[in-house]
Structure formats: C-alpha cells, structure tokens
Amino acid sequence: MRFVICYDVSDDARRERLASALLDFGPRIQESVFVATLDEELLERMLKRVRQVVDSSEDAVHVFAMCAACERRIEVIGRAAVPEDQPYYVL
C-alpha cells in the first residue's frame with residue numbers, strides 16, 4: 001500500500017533525522033512530504049523509527065494510507081511528478 005507522510009518538526013536536528021529515516025522507506029516529493037510503498041511489516045518499522053525521532057509534545061507527523069482507487073486519482077500539476085516505485089531495502 002502507498003503512504004503519504006508529511007511532518008512539521010521545529011527542531012533542525014530532529015527534522016534532519018526524521019527526513020533521513022523516511023528516505024530509507026521512500027522518496028521525498030516535497031520538502032517535508034514523502035511517499036512510501038510499504039507492506040505491514042515495513043509500515044510498522046517506519047512508524048517505530050518515526051516515533052523514536054519525533055518529540056510528540058512539539059512535532060506533528062501525518063501518515064496517510066492511499067487505497068488503490070485513491071492512487072489512480074492522483075492529480076499532478078506543474079513540475080511535480082508521481083514517483084515510480086523503486087526497490088528499497090531497509091536493513
């Protein structure tokens with residue numbers, strides 16, 4: 001399933017750690033927005049890493065699941081592009 005992950009993190013160091021962690025799961029499509037195609041196991045691994053980085057009293061992270069019907073209805077305007085699924089390996 002495809003997920004859209006976006007965040008608002010105030011601390012520079014935490015924001016960089018979060019972005020680095022998310023890059024292990026999928027590409028960045030905007031400054032603080034990522035797309036990842038994950039099965040249940042990878043989703044849980046990603047969420048665990050996100051929880052380890054963020055400060056829940058200061059930061060906000062949204063993880064949106066996209067069903068297949070929603071994915072077919074993606075609109076892209078301007079220079080934006082829908083990233084193709086790439087093989088990612090999380091160790």
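Where is Asp59 found? Asp59 sits in the loop between H2 and S4. Bear in mind that this is a predicted model.

**Asp59 and its surroundings**

Although Asp59 is a loop residue, its relative accessibility is 13%, and since buried means under 20%, Asp59 counts as buried. The Asp59 side chain has a polar contact with the side chain of Arg14, at 2.7 Å. Arg14 itself is one of the buried residues of H1. If you skip the neighbours within four places in sequence, Asp59 is in contact with Asp8, Val9, Ser10, Arg14 and Val54.

**The overall layout**

Stepping back, the protein has three helices and four strands. Starting at the N terminus, the elements come in the order β-α-β-β-α-β-α. The protein has 91 residues, and 29% of them count as buried. Its accessible surface is about 6400 Å², and carbon and sulfur atoms account for 50% of that. Take the contacts between residues at least 6 apart in sequence: 71% of them join residues at least 24 apart.

**How the strands pair up**

Here is how the strand pairs line up.

| Strand pair | Direction | Bridges |
|---|---|---|
| S1 and S3 | antiparallel | five |
| S1 and S4 | antiparallel | seven |
| S2 and S3 | antiparallel | two |

S1 covers residues 2–8, and five of its seven residues are buried, so to speak mostly covered. On the S4 side, the bridge partner of Phe3 is Ala65.S3 spans residues 33–37. Four of the five S3 residues are buried, so the rest of the structure largely encloses this strand. S3 also pairs with S2, and a hairpin of two residues joins them. In that pairing, Gln30 stands opposite Val33 in S3.

**Helix H1**

H1 runs over residues 12–23, and its 12 residues should span 16 Å at 1.5 Å a residue; the end C-alpha atoms are 16 Å apart, so the two values agree. Down the axis of H1, the buried residues fall within an arc of 160°, so they line one face of the helix. Those buried residues are Arg14, Leu18, Ala19, Ala21 and Leu22. On the other side of H1 you'll find Asp12 and Glu16, both exposed.

What do the buried residues of H1 pack against? They pack against the strands S1, S2, S3 and S4, along with helix H2.

**Helix H2 and Met46**

H2 takes in residues 40–53. With 14 residues, H2 reaches 20 Å from its first C-alpha to its last, close to the 20 Å expected at 1.5 Å a residue. Its buried residues are Leu43, Met46, Leu47, Val50 and Val53. These cover an arc of only 125° around the axis, which puts them on the same side of H2. S1, H1 and S4 are among the elements that cover them. Glu41, Lys48, Arg51 and Gln52 are exposed, on the face of H2 turned away from the buried side.

H2 has an N-terminal cap as well: a side-chain oxygen of Asp39 lies 3.2 Å from the backbone nitrogen of Glu41.

Setting aside neighbours within four places in sequence, Met46 is in contact with Ile5, Leu22, Phe25, Leu38 and Val63. Of these, Leu22 is listed among the buried residues of H1. Met46 and Ala36 are 10 residues apart along the chain, and 9.7 Å separates their C-alpha atoms.

Note on methods:
Residues are numbered from 1 along each chain as its sequence is written. This is a predicted model: local features need pLDDT of at least 70, side-chain atom pairs count only at pLDDT 80 or more; totals for chains, interfaces and linings use all residues. Side-chain values use heavy atoms; hydrogens and water are left out. Buried means under 20% relative accessible area, exposed over 50%, partly exposed in between (1.4 Å probe, protein chains only). Contact means heavy atoms within 4.5 Å. Accessible areas come from the Shrake-Rupley method with a 1.4 Å probe; for residues, only the protein chains shown count as cover. The expected span of a helix is 1.5 Å times one less than its number of residues. The arc is that of the directions from the helix axis to the C-beta atoms. Two strands pair if DSSP finds at least two bridges between them. A polar contact is a pair of N or O atoms within 3.5 Å; within protein, one must be able to donate a hydrogen and the other to accept it, and residues adjacent in sequence count only if both atoms are side-chain atoms.
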